[in-house]
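Hi,

Here is the structure I said I would pass on. Have a look at it first, and then read on for my notes.

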Amino acid sequence: MPMTNFQNALFGMGNPLLDISAVVDKDFLDKYGLKPNDQILAEEKHKALFDEIVKKSKVEYHAGGSTQNSVKIAQWMVQEPHKVATFFGCIGTDHFGEILKQKAAEAHVDAHYYEQSQEPTGTCAACITGDNRSLVANLAAANCYNKEKHLDVDRNWSLVEKARVYYIAGFFLTVSPESILRVAKHASDNNKIFGLNLSAPFISQFFKEPLMKVMPYVDIVFGNETEAATFAKEQGFETEDIAEIARRVQSLPKVNKNRQRIVVFTQGREDTVATVGDKVKIFPVLDIDQNDIVDTNGAGDAFVGGFLSELVQEKPLEECIRAGHYAANVIIRRVGCTFPEKPDFH
C-alpha cells in the first residue's frame, strides 16, 4: 500500500486524560467503594482519592485516555510515516495539558486538542492491585469538548475527511454524542470503517440511548467479556454465551449494507471471540507467565491499537487480531499504557 496517502488515515476522538497510577491495597479500594477491576466516573466521594493516590510512594504519571491510548499504540505499531493517527479531545490550559501535548508529539500522533480554561485537564486514577486495575476518571476538561467550536471548524473537519478508519471509545458517549454521530455518519456515507468500543459496563447501562443511536453506523464493535455480558443483559438478549452475544450484536440494524459488522470481544487471558463472516471464531491469545504481568491497565486499549494498525493497512481480520494480541501482550508487561521504542511484530 502506498505510504504517501497514509498520514491522518486513522482518526480517533475521545477523553484525553493523565493517568495517575499507583499500587494500592484492598483497604484503599474498600474505602472508596471500588471494585478491583472496573472503570467508573469520579463522584464527589472520590475527591479525596485523588489527593491520597498522589501521595503513594511509587505514583506514576502517564498520558492516558482510552481512545488516545489506542491511536498511540496504532502509531507505534506502524512506526513510519509519523502522524498516521489523528486525535481530537479537550484539555485545559495547564501543566497536565502540556504533558499530554508533549506525550502525543513524542508518540508522533497528530493531536489537535480543543483547549479551554474553564476546567483543568482530566485525570484518571489507576488503582492497581495484583493484575487488576480499578480506574476512576475525573473528566474535567475532557467533558468540555465542543462540536461547534472544534469538530465543525473546517481545518479540523478536513482531517476527519482525510481518514479511512475511525475509532472512538464508548466513554466519549458521555461527553459529545453529537460529535460521534457526525463522524459515524460521515464514515457510513463514504463507505469508510467506523469502530466503537463498549468501554465499560456503565456505558451500556446508563448511556444506552446515545449508544444505540450510533450503533447503526458502527462497522466494528469492540469490548471485553464483562462489557459484552452487560450489553446483552441491557438489550434483553437473554444469553450469557459470548459467541451468541457476538452474533446478536452483529445482526443489530446497520445503515451501510456494503460492510457486514464485525464484533470482537476480548476476554483477558482467555481466547478472543470474533465474528468472521457469518461465523464466530475463537482466536487464542499469546501465553504469558503470571509473573510477567506488571499491570493490565491499557491492555484493552492496546489490543484495539494493534488491531487498528493492521486495519488501516487493509490487512485481513485474522492479522488485525494477531497484532492486537501482540500489542496487549507487550503493554501488560509494563506500567500503564507505555511501550518500548519499537515493536517486534512480524
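Strand 4 (60-64), helix 3 and helix 4 each give at least two residues to the lining of the second largest pocket. That pocket holds about 380 Å³ of space. There are 17 lining residues, and the ones nearest the centre are Lys-72, Lys-103, Glu-106, Ala-107 and Phe-339. Before you go further, keep in mind that this is a predicted model, and everything below is computed from it.

Is Ser-66 buried or exposed? Its relative accessible area is 13%, and the cut-off for buried is under 20%, so Ser-66 counts as buried. Setting aside neighbours within four places in sequence, Ser-66 is in contact with Asn-15, Ala-169, Phe-171 and Asp-301. With Asp-301 there is also a polar contact between the side chains, at 2.7 Å. Another pairing to look at is Ser-66 with Cys-337: they are 271 residues apart in sequence, yet their C-alpha atoms are 9.4 Å apart in space.

The peptide bond between Glu-80 and Pro-81 is cis, with omega at about -10 degrees. Gln-79 is in that loop between helix 3 and strand 5 too. Its phi is near 65 degrees, which is a positive value in a residue other than glycine. Gln-79 is partly exposed, at 23% relative accessible area.

Ser-199 is another non-glycine residue with a positive phi, here about 65 degrees. You will find Ser-199 in the loop between strand 10 (193-197) and helix 8 (201-206). Ser-199 is buried, with a relative accessible area of 4%.

Now for the charged pairs. How many salt bridges does a search of the whole structure find? The count is 15. As background, side chains of opposite charge can pair when their charged atoms come close. One of the bridges is between Lys-101 and Glu-115, at 3.1 Å from N to O. Lys-101 is in helix 4 (residues 95-106) and Glu-115 is in strand 6 (residues 110-116), so this pair ties together parts that are 14 residues apart in sequence. Both ends are partly exposed: Lys-101 has a relative accessible area of 27%, and Glu-115 has 38%.

Arg-182 is in helix 7 (residues 177-189), while Asp-152 is in the loop between helix 5 (147-151) and helix 6 (154-162), so the pair ties together parts that are 30 residues apart in sequence. As for accessibility, Lys-147 counts as buried at 15%, whereas Asp-152 is partly exposed at 23% and Arg-182 is partly exposed at 28%.

On to the inside of the protein. In soluble globular proteins, nonpolar side chains tend to be buried together. Here, the largest nonpolar core has 95 residues, and Val-183, Phe-194 and Phe-307 have the most contacts inside it. Val-183 touches Phe-11, Met-13, Leu-151, Trp-157, Val-160, Tyr-166, Ile-168 and Phe-194, leaving out residues up to four places away in sequence. Another core, of 13 residues, lies apart from the largest one, and its members include Ala-22, Phe-28, Leu-29 and Cys-127.

Last stop: helix 10 (residues 225-234). Its N-terminal end is capped by Asn-224, which has a side-chain oxygen 3.1 Å from the backbone nitrogen of Thr-226. Within helix 10, the residues Glu-227, Ala-228, Thr-230, Phe-231 and Ala-232 are buried. Just after this helix, Gly-236 takes a positive phi of about 70 degrees.

Happy browsing!

Technical notes. Residues are numbered from 1 along each chain as its sequence is written. This is a predicted model: local features need pLDDT of at least 70, side-chain atom pairs count only at pLDDT 80 or more; totals for chains, interfaces and linings use all residues. Side-chain values use heavy atoms; hydrogens and water are left out. Buried means under 20% relative accessible area, exposed over 50%, partly exposed in between (1.4 Å probe, protein chains only). Contact means heavy atoms within 4.5 Å. A polar contact is a pair of N or O atoms within 3.5 Å; within protein, one must be able to donate a hydrogen and the other to accept it, and residues adjacent in sequence count only if both atoms are side-chain atoms. A salt bridge is a side-chain nitrogen of Lys or Arg within 4 Å of a carboxyl oxygen of Asp or Glu. Helices (H or I, at least four residues) and strands (E, at least two) are DSSP runs, numbered from the N terminus. A nonpolar core is a set of buried Ala, Val, Leu, Ile, Met, Phe, Trp, Tyr and Cys residues joined through side-chain atoms within 4.5 Å. On a 1 Å grid over the protein atoms alone, a cavity is a set of points where a 1.4 Å probe fits but cannot get out, and a pocket is an open set with protein on both sides within 12 Å along at least five of seven lines; lining residues have an atom within 4 Å of a point. Grid points are joined across faces, edges and corners, and a volume is the space filled by probe spheres set on the points.
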